[in-house]
Amino acid sequence: MSRLPINRPMSVAKSLTQTDFIDVDINLYDLYAAHQQQGAVVGRTFTGCRLQGPAVVLIGGGTTFDETNFGDSRGGMKNLLLQPMGDKALGTVPMHNCTFVGCEFYNVGFTGSPQILEQMAAVPTATGPAE
Amino acid sequence: MTDVMSEAFGRELIARSTFSNEGVWLPLLAVHHMNAGDPVIRNKTFTDCVIEGPALVMPMGSTTFDSCNMGVAANPRSLMYKPQGPLLVGAVGLENCSFVRCRMVQIGFTGADAFLDELAEQLVAAQEGRV
C-alpha cells in the first residue's frame, strides 16, 4: 500500500539526532544545525516524513529514495536540480548514507554528482515525463 | 526563551528593513517571509552582519554586496550552483537587498550564467589580490 500522499496531521520531530525518523515533520535547516559538527547528515532513515526547506540537499553516496515525492517541480524535475560549479558544494544540506521511504519534500532543491543529477532528471513528474 | 517559530516573532522579523551588527539565520528569515505569503526577501539592508545558512541565495533586482566576505572556499566556484531548469526550487530569493560588510557562512549562490560568471571572476580576483 502506498504511503503517499502523507495525510496525517503535522507532527514536528521532537529530536533531530535520532537514527530513525518515522512519521514526523522536519525542517531541513534545523536538521543540518543539529548535525553541523559532523558537517553532514549521515546514516539516518526517514520513513513517512515531510521534509521542508528552503534548502538544497546534496545527495551523497549511499543515499536512496524509495516512493518519494520530491516536491512541486513546476513542470519539470530539472527545476528542482542545481549543478555544483566547483569541487565542493557549500551552502547545502549534505546527506550521506541516508534512506528515504515514503517521504515528501517541500521547497527543496537537490544537487550532487552529474550521475545523480542525470538520474533525478529522469524521474517522471505528475505533470508529465521529464524533459 | 524566544520562540523563533512563533507568528509574533515572524511578523516582527519580516517587518524590519535594517539589520546591523547581528547574526541573521537566513533560512529562518526566508521561512517567515513564506509564512507571510512572500517567497522572496525584499528591500532589506544588512550591515556588519553574519549571514548564516545553510542556504542557496538567488540575488535579484538591485541586490548588492559591498565589502562582504562571501564565504570560505579554496575554489570560489564551490559556492556556486547552476540551475538545471527555467525555474528554481529550494533557493532563497533576495530582491533589492543591500549587504554591507557582511560575512556569509554556509551560503551558496545561484542565478543566471552572467551573474555566476561575474561573481566567480570577482572572488578569484579578490583571492589573488587583484582588487
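**Interface and helix packing in a predicted model**

Across the interface of chain A and chain B, 0 salt bridges are found. The model is predicted. Polar contacts between chain A and chain B number 17 residue pairs, both residues at pLDDT 80 or more. By class, the side of chain A that touches chain B comprises 15 nonpolar, 10 polar and 6 charged residues. Helix α1 (28–34) and strands β5, β7 and β10 of chain A each supply at least two residues of that side.

The contact draws 31 residues from chain A and 32 residues from chain B. About 2,700 Å² is buried between the two chains, and carbon and sulfur atoms give 62% of this area. Y29(A), M85(A) and L90(A) supply 27% of the area that chain A buries against chain B, more than any other three residues.

Helix α2 of chain A spans residues 114–121, with I116(A), L117(A), M120(A) and A121(A) buried. Seen down the axis of α2(A), the buried residues fall within an arc of 130 degrees, so they line one face of the helix. The face turned away from the buried side carries exposed P114(A), Q115(A), E118(A) and Q119(A). The buried residues of α2(A) pack against β5 (50–59), β7 (81–84) and β10 (104–111) of chain A.

I59(A) lies in strand β5 of chain A. Its relative accessibility is 6%, so I59(A) counts as buried, the cut-off being under 20%. Beyond neighbours within four places in sequence, I59(A) is in contact with F65(A), M95(A), F110(A), T111(A), G112(A), I116(A) and M120(A). I116(A) and M120(A) are among the buried residues of α2(A). I59(A) and A33(A) are 26 residues apart in sequence, with 17 Å between their C-alpha atoms.

Methods: Residues are numbered from 1 along each chain as its sequence is written. Chains are lettered from A and ligands numbered from 1 in the order in which they are written. This is a predicted model: local features need pLDDT of at least 70, side-chain atom pairs count only at pLDDT 80 or more; totals for chains, interfaces and linings use all residues. Side-chain values use heavy atoms; hydrogens and water are left out. Buried means under 20% relative accessible area, exposed over 50%, partly exposed in between (1.4 Å probe, protein chains only). Helices (H or I, at least four residues) and strands (E, at least two) are DSSP runs, numbered from the N terminus. The arc is that of the directions from the helix axis to the C-beta atoms. Contact means heavy atoms within 4.5 Å. Buried area is the accessible area (1.4 Å probe) that two parts lose on being put together, summed over both. A salt bridge is a side-chain nitrogen of Lys or Arg within 4 Å of a carboxyl oxygen of Asp or Glu. A polar contact is a pair of N or O atoms within 3.5 Å; within protein, one must be able to donate a hydrogen and the other to accept it, and residues adjacent in sequence count only if both atoms are side-chain atoms. Ala, Val, Leu, Ile, Met, Phe, Trp, Tyr, Cys and Pro count as nonpolar, Asp, Glu, Lys and Arg as charged, and the others, Gly among them, as polar.
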